[in-house]
There are 2 protein chains.
Amino acid sequence: MAGSWVDIPADSDFSLANIPFGIVSTPNDPSSHAAVAIGTSILDLKVLFTSSASPFLTTQIIPSLAGHEHVFAQPTLNAFAELGRAVHREVRAGIQALIAADTSHPDVLRDNAPLREAALLPQRAVTLHLPMSIGDYTDFYAGYHHAYAVGVMFRGPANALQPNYTHLPVGYHGRASSIVVSGTPVRRPVGQILLDEKPVTAPSRRLDFELELGCFISRANAQGTSVAVDEADKEFIFGYVLLNDWSARDIQAWEYVPLGPFNSKNFASTISPWVVLADALEPFRAAAIPNSTPLQGYLQEPKDKKSVFDIKLEVDLTTPESDTTTVCRTSSRNLLWSFPQMIAHHTLGGCPLRAGDLLGSGTISGPDASERGSLLELSEGGKKDVLLYGMDARTFLKDGDTVTLRGYCADGNGARVGFGECRGRIYGPSSN
Amino acid sequence: MAGSWVDIPADSDFSLANIPFGIVSTPNDPSSHAAVAIGTSILDLKVLFTSSASPFLTTQIIPSLAGHEHVFAQPTLNAFAELGRAVHREVRAGIQALIAADTSHPDVLRDNAPLREAALLPQRAVTLHLPMSIGDYTDFYAGYHHAYAVGVMFRGPANALQPNYTHLPVGYHGRASSIVVSGTPVRRPVGQILLDEKPVTAPSRRLDFELELGCFISRANAQGTSVAVDEADKEFIFGYVLLNDWSARDIQAWEYVPLGPFNSKNFASTISPWVVLADALEPFRAAAIPNSTPLQGYLQEPKDKKSVFDIKLEVDLTTPESDTTTVCRTSSRNLLWSFPQMIAHHTLGGCPLRAGDLLGSGTISGPDASERGSLLELSEGGKKDVLLYGMDARTFLKDGDTVTLRGYCADGNGARVGFGECRGRIYGPSSN
């Protein structure tokens, strides 16, 4: 792909090949509204589509948006998501055409100084907000190596995976209200934990991160109807974010029988602010982990289908002393189940999805020791120090620690498609 | 309490002592808006508070509502709930004063024929909608006798209750999008179930109801903060509904390890349409089931506190042949945990609640055989026929069956406070 007249550093997650969507407020407009990220800038879509250039754009370049320009003035991307994948595709392509170095429409933005100055702002000048209004949040458990490693820890290698694990994408309902955007501080939760086999009420001593990929739903299915796996892939996915599903392991161990995790998860989950459209990830498809279990019909995807993505993922842990260590490097291909399979399973019994719903992949770990997507795995259940720069070490997170997830795809020709940061800093319950 | 000039049958759930709030659309106004139920009528609050009587009402009778009258024109009760318990109390008392037989303000409504005819409509003429926009739904497991009976079935009497059960109100996150209002047909879910130890995809063969009480939250706590148990009781509860948490037992048995129920629950949960205000239930307080386990401080309520309610509950099963059998009669006092305790636990780690969130009590069963709030218990795990009128019998629900939950409190002096019906009819997946 050719370059852009907008300055895009070579290592930027937000190359011309990406064009992720987010919600911003700006010095000139404190109400939340839509933008895309380009290099170190944002292009303000509310400004663009309320400007005098808008009629040209919606007649000549992005006709499918005509009559829907107001979606970019809204405080979430839900209405844009509901317009459907064909519109997302055309809007992304239209923006790429506008900002390409060899744009055929230089007068619209590149050579239109007043509009350019109003619409193109440095990212550091804007505030990023949650991109979607999240009606329901579901967290799956599709990271095979994570499920296996944690299973070995609790039940030994012979019974590491539950009998259902390779037959269906195991998942549970999470807490939508607890989802925060990157940068929001995260309070260490107080909870009931077992200490010397007695329950006490105390701040969690085993606070952890979980490296996940999040998937935003673009459209609703009617209650009582199911979504086929290929229909899910083509029509139900808006885009993707990074997701840190913070977990308090000691609270979880005591509370989770028999109904699953609750307070160990519902204090906060952090997502990256920019939604990378499904189309932007298409060139980076990869095969999921092979599953030798014969699948039920509703979960079957074509043989050799590349049903997941090869997103390079990493987790940085920054200490209160500002020393940063990359504690995990892996890929999002380490999933046993694809998001279309998760959607097909989720709706099998007629559960209604809605635009803005968030699905989590479950913790993504690779097969090697350096690819573990949680401290629970890295510290082998808290038994082993995870060594950090600065002579420091962790089993679980300390107050003042910052966890930053990063993820990107690259084709070697400058088409880098990344997520930016998914970052959160832990503060102690005493400081509140 | 004296009578009303509105006709209220003696056995009505909606006596002058009740005044529950709901969302209706009417022949004259198809947009959803607020009303209260009185006998067999509804009083349209949008009509009332946009009428010429409104200024008198908000200066003389309900001053705390002044400036907020628009909340009754909204399609949910969320904004009204957020006004706080003092306002709910004053509005309820003001409506009671208006419709009392000996009202001091006869000119406002009783003798104002045009307004009376516009605002007071037969219930059968209006359509009832979901009363709240439900951000998150949490289902607890506080029905002690249910938890014990089901535990015996799966693990024997020695291990019936998990070690955490008497230490904390066990709960899990449910699916907010799946909640429907009474009367909505419920499709039998298809799911993965084990048949002869092999998974198949098929309609659930073990479809069940669950008799629960639902509690709507009236206000938000900031993320990272907790709500004390007494504060929860005084300020965080808007009101109550009946809740049928439909459950597919065969789907549940296969899917629920290790993260809890998912597709077995997320196809539908039905609530009654009228929200009975917390204040209306105050006279019917009762002691919860005694818990001999020493409680953590954040769960402690004053000794001898009547922390739950003695609501008479029943479950009617109506066959496709229209024969109705009451299969369960019990009381909502059969809870080990109160809603304030559930709220204190839910927020212990800082989970943010929002106005409109729904909490379920968990299935309510009494100690006796006639008090079992699910077919799983009534049929002893599907082993025993539950006999019905008309020479019929069930272990689990058949297509065409209708389940109706009812609940009311009565003081013997006409102060009957009830919920109306929470009703749903099962239809087969083949008919869709």
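**Annotated positions, cavities and cores**

Guide: For "binding site", an unreviewed UniProt entry lists A:Tyr141, A:Arg155, A:Gln252, A:Tyr256 and A:Thr363; UniProt positions are given in the numbering used here, feature names are shortened, and annotations may be inferred rather than shown by experiment. This is a predicted model, in which local features need pLDDT of at least 70, side-chain atom pairs count only at pLDDT 80 or more, and totals for chains, interfaces and linings use all residues. Residues are numbered from 1 along each chain as its sequence is written, chains are lettered from A and ligands numbered from 1 in the order in which they are written, and side-chain values use heavy atoms, with hydrogens and water left out.

Visitor: Why is A:Thr363 called buried?

Guide: Buried means under 20% relative accessible area, exposed over 50%, and partly exposed in between (1.4 Å probe, protein chains only). A:Thr363 has 2% relative accessibility, and therefore counts as buried.

Visitor: What makes A:Tyr256 partly exposed?

Guide: Its relative accessibility is 27%, so A:Tyr256 counts as partly exposed. A:Tyr256 is found in the loop between helix H8 (249-255) and strand S16 (269-271) of chain A; helices (H or I, at least four residues) and strands (E, at least two) are DSSP runs, numbered from the N terminus.

Visitor: Which residues does A:Tyr256 touch?

Guide: Not counting residues up to four places away in sequence, A:Tyr256 touches A:Pro261, B:Asn164 and B:Pro258. Contact means heavy atoms within 4.5 Å.

Visitor: Which residue does UniProt list for "active site", and where is its place?

Guide: The unreviewed entry lists A:His146, whose place is in helix H6 (residues 144-155) of chain A. At 3% relative accessibility, A:His146 also counts as buried.

Visitor: Why does A:Ser177 count as buried?

Guide: A:Ser177 has a relative accessible area of 10%, and is therefore buried. Leaving aside neighbours within four places in sequence, A:Ser177 is in contact with B:Asp136, B:Gln223, B:Cys351, B:Pro352 and B:Arg354.

Visitor: How many cavities does the structure hold, and what makes a set of points a cavity?

Guide: There are 9 cavities of 30 Å³ or more. On a 1 Å grid over the protein atoms alone, a cavity is a set of points where a 1.4 Å probe fits but cannot get out, and lining residues have an atom within 4 Å of a point. Grid points are joined across faces, edges and corners, and a volume is the space filled by probe spheres set on the points.

Visitor: How is the lining of the largest cavity divided by class?

Guide: That lining has 7 nonpolar, 3 polar and no charged residues. Ala, Val, Leu, Ile, Met, Phe, Trp, Tyr, Cys and Pro count as nonpolar, Asp, Glu, Lys and Arg as charged, and the others, Gly among them, as polar. B:Tyr240 and B:Ser307 are among the lining residues.

Visitor: What makes a set of residues a nonpolar core?

Guide: Such a core is a set of buried Ala, Val, Leu, Ile, Met, Phe, Trp, Tyr and Cys residues joined through side-chain atoms within 4.5 Å. The largest has 79 residues, and those with the most contacts inside it are B:Tyr240, B:Leu281 and B:Ile343.

Note on methods: On a 1 Å grid over the protein atoms alone, a cavity is a set of points where a 1.4 Å probe fits but cannot get out, and a pocket is an open set with protein on both sides within 12 Å along at least five of seven lines; lining residues have an atom within 4 Å of a point.
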